[in-house]
Amino acid sequence: MNKLKGATIAMGMLAVVSCNTKQGTGSLIGAGGGAIIGGIIGKLAGNTAVGAAIGGAVGAGTGALIGRHMDKVAEQAKQIENAKVEKVTDSNGLEAVKVTFDSGILFATNKADLNASSKSALAKFSNTLKENNLLSVDIYGHTDSTGNDGINIPLSNRRAQSVANYLQSCGVSTSQFKNIAGKGSSEPVADNSTQAGRTQNRRVEVFLYASQAMVDAANAGTLK
């Protein structure tokens, strides 16, 4: 299982970005500077449960086009502060992108309200989604094992929904969001018996994967 490490950047230095203000093209900067402040793209991390059933067979050429498109998406996403970006494969065997935000950065303890710095990061992230509007998006909230499911599942659900709501307020189409849910403490990625492990387990994961429209565009040779 890949270890999750949030970037340790001083959040106070981030400017608050309003989604009512036109965003620049900073999220499209090349990999040179972005690796310093963003997540590092990990190795292909295996299949995930994301991805609706695709109608018809997906040929090798179509898969390659989608893979190249996802490479571009990953390069854009890794410019986001305090996010880890990984390449994964979806349930259809197509390349997808997983972006993990440390919940300790996004939210205060036991809260689901986004702070100003995380709004700045998500505003930039919204550009990637808007510029790649054929992406489908799943958002999952996770907690550590402190507390019980009666607390953790509703809290993780509210956190996932807060991220989705803010991205939509930034102009991301509601139709791109397919699954928004909290999973509580059921999917730890680290040891809950340690403080460091619990910190890693408190997170929000965003999966970006091919929609049927993207597959159709790749089949037609029009996906860029």
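The buried residues of helix H7 (residues 212-220) in this predicted model are Met 214, Val 215, Ala 217 and Ala 218, where buried means under 20% relative accessible area, exposed over 50%, and partly exposed in between (1.4 Å probe, protein chains only). They lie on the same side of H7, because they cover an arc of only 160° around the axis; the arc is that of the directions from the helix axis to the C-beta atoms. Their cover includes H2, strand E3 (135-142) and strand E5 (203-210). Helices (H or I, at least four residues) and strands (E, at least two) are DSSP runs, numbered from the N terminus.

Basis of the values

- In this predicted model, local features need pLDDT of at least 70 and side-chain atom pairs count only at pLDDT 80 or more, while totals for chains, interfaces and linings use all residues.
- Residues are numbered from 1 along each chain as its sequence is written, and side-chain values use heavy atoms, with hydrogens and water left out.

The chain as a whole

- The protein chain has seven helices and five strands, and along the sequence these follow the pattern α-α-β-β-α-α-β-α-β-α-β-α.
- Of the 224 residues in the protein chain, 47% are buried.
- Among contacts with a separation of 6 or more, 79% are between residues 24 or more positions apart; contact means heavy atoms within 4.5 Å.

Helix H7 and its partner H2

- Helix H2 (residues 60-77) packs against H7 at an angle of about 115°, and the two axes are 8 Å apart.
- Axes are lines fitted to C-alpha atoms, for helices over the stretch in contact, and angles run from 0 to 180 degrees between N-to-C directions.
- On the H2 side, the contact is made by Thr 62, Leu 65, Ile 66, His 69 and Met 70; on the H7 side, by Met 214, Val 215, Ala 218 and Asn 219.
- By class, this contact has six nonpolar, three polar and no charged residues. Ala, Val, Leu, Ile, Met, Phe, Trp, Tyr, Cys and Pro count as nonpolar, Asp, Glu, Lys and Arg as charged, and the others, Gly among them, as polar.
- Just after H7, Gly 221 has a positive phi of about 75°.

The sheet

- Five strands form an open sheet in the order E1-E2-E5-E3-E4, with mixed pairing; two strands pair if DSSP finds at least two bridges between them.
- E1 and strand E4 (177-182) are the edge strands, each pairing on one side only.
- From one strand to the next, the twist averages 15°.
- H2 also packs on this sheet, where it touches E1, E2, E3 and E5. The direction of H2 makes about 15° with that of E2.

Strands E1 and E2

- Strand E1 (residues 83-89) and strand E2 (residues 95-102) pair in the antiparallel sense over seven bridges.
- Within this pair, Val 88 stands opposite Ala 96 in E2, and Val 85 stands opposite Val 99 in E2.
- The hairpin of E1 and E2 has five residues between the strands, and Gly 93 there takes a positive phi near 80°.
- Lys 84 is in E1 and counts as buried, because its relative accessibility is 15%.
- Between Lys 84 and Asp 102 the C-alpha to C-alpha distance is 8.8 Å, although 18 residues separate them in sequence.
- E2 is largely enclosed by the rest of the structure, because seven of its eight residues are buried.

Strand E5 and its neighbours

- E5 pairs with E2 in the antiparallel sense over six bridges.
- Phe 101 has Val 204 in E5 as its bridge partner, and Val 99 stands opposite Val 206 in E5.
- E3 and E5 also run antiparallel, joined by eight bridges. The bridge partner of Tyr 140 is Glu 205 in E5.
- E5 is mostly covered, with eight of its eight residues buried.
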